[in-house]
Amino acid sequence: MTEPTAKYQESEVQLVLVDDESMVLDTLRSFLEFETDYNIAAFTDPQEAIDHGRHHEIDLVVSDFLMPGINGIELLGAYAESNPHAPRVLLTGYADKASAIKAINEVGLFQYLEKPWDNDQMLVVFRNALDRRF
């Protein structure tokens, strides 16, 4: 039996990561660079990430929930406008079901992941999101 073929090439995927904690962002980026061929744009400043999304075609966006100035739901809402086709994932240590429900309803959230994340689960979520995207 052959493995199903992905609908996309990993080297073509444009992924945006946003977290105000640089250590978390560096850990995520390093893990994804080791495990995938995604093109990763990483931001600690949510407004810079929003501006990037207004000028680039994005395939997947992953954002922390609690950040100064702009929270993850607001950031993902901006991406819902600038890149409506891009699946949106909320990653947070703030385990609040009400926030998850709000994100699902307001920004069409694809998935809600809690910190600390499970690497294997995260890869599955990202690949499922990308399969749905393409």
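View 1. V16 stands opposite V61 in strand 3. The model is predicted: local features need pLDDT of at least 70, side-chain atom pairs count only at pLDDT 80 or more, and totals for chains, interfaces and linings use all residues. Residues are numbered from 1 along each chain as its sequence is written, and side-chain values use heavy atoms, with hydrogens and water left out. Helices (H or I, at least four residues) and strands (E, at least two) are DSSP runs, numbered from the N terminus. Strand 1 and strand 3 (residues 60–64) pair in the parallel sense over four bridges; two strands pair if DSSP finds at least two bridges between them. On strand 2, I40 is the bridge partner of L15. Strand 1 and strand 2 run parallel and are joined by five bridges.

View 2. Four of the five residues of strand 1 are buried, where buried means under 20% relative accessible area, exposed over 50% and partly exposed in between (1.4 Å probe, protein chains only).

View 3. At 1.5 Å a residue, the 14 residues of helix 1 (residues 22–35) should span 20 Å, and the end C-alpha atoms are 20 Å apart, which agrees. The expected span is 1.5 Å times one less than the number of residues. V24, L25, L28, F31 and L32 of helix 1 are buried. They cover an arc of only 135° around the axis, which puts them on the same side of helix 1; the arc is that of the directions from the helix axis to the C-beta atoms. M23 and F34, on the other side of helix 1, are exposed. The cover over the buried residues includes strand 1 (14–18), strand 2 (39–43), strand 4 (88–92) and helix 5.

**View 4. F31 in helix 1****.** F31 has a relative accessible area of 14% and is therefore buried. Leaving aside neighbours within four places in sequence, F31 is in contact with N119, M122 and L123, contact meaning heavy atoms within 4.5 Å. F31 and L123 are 92 residues apart along the chain, and their C-alpha atoms are separated by 10.0 Å.

**View 5. The start of helix 3.** A side-chain oxygen of N71 reaches to within 2.9 Å of the backbone nitrogen of I73. Within helix 3 (residues 72–82), the buried residues include G72, I73, L75 and L76.

**View 6. K115 and P116.** K115 is in the loop between strand 5 (111–114) and helix 5 (119–133), and P116 lies in that loop between strand 5 and helix 5. The peptide bond joining K115 and P116 is cis, with omega about -5°. Most peptide bonds are trans. The side chains of K115 and D19 are joined by a polar contact of 2.7 Å. A polar contact is a pair of N or O atoms within 3.5 Å; within protein, one must be able to donate a hydrogen and the other to accept it, and residues adjacent in sequence count only if both atoms are side-chain atoms. Not counting residues up to four places away in sequence, K115 touches D19, V24, D64, L91, T92 and G93.
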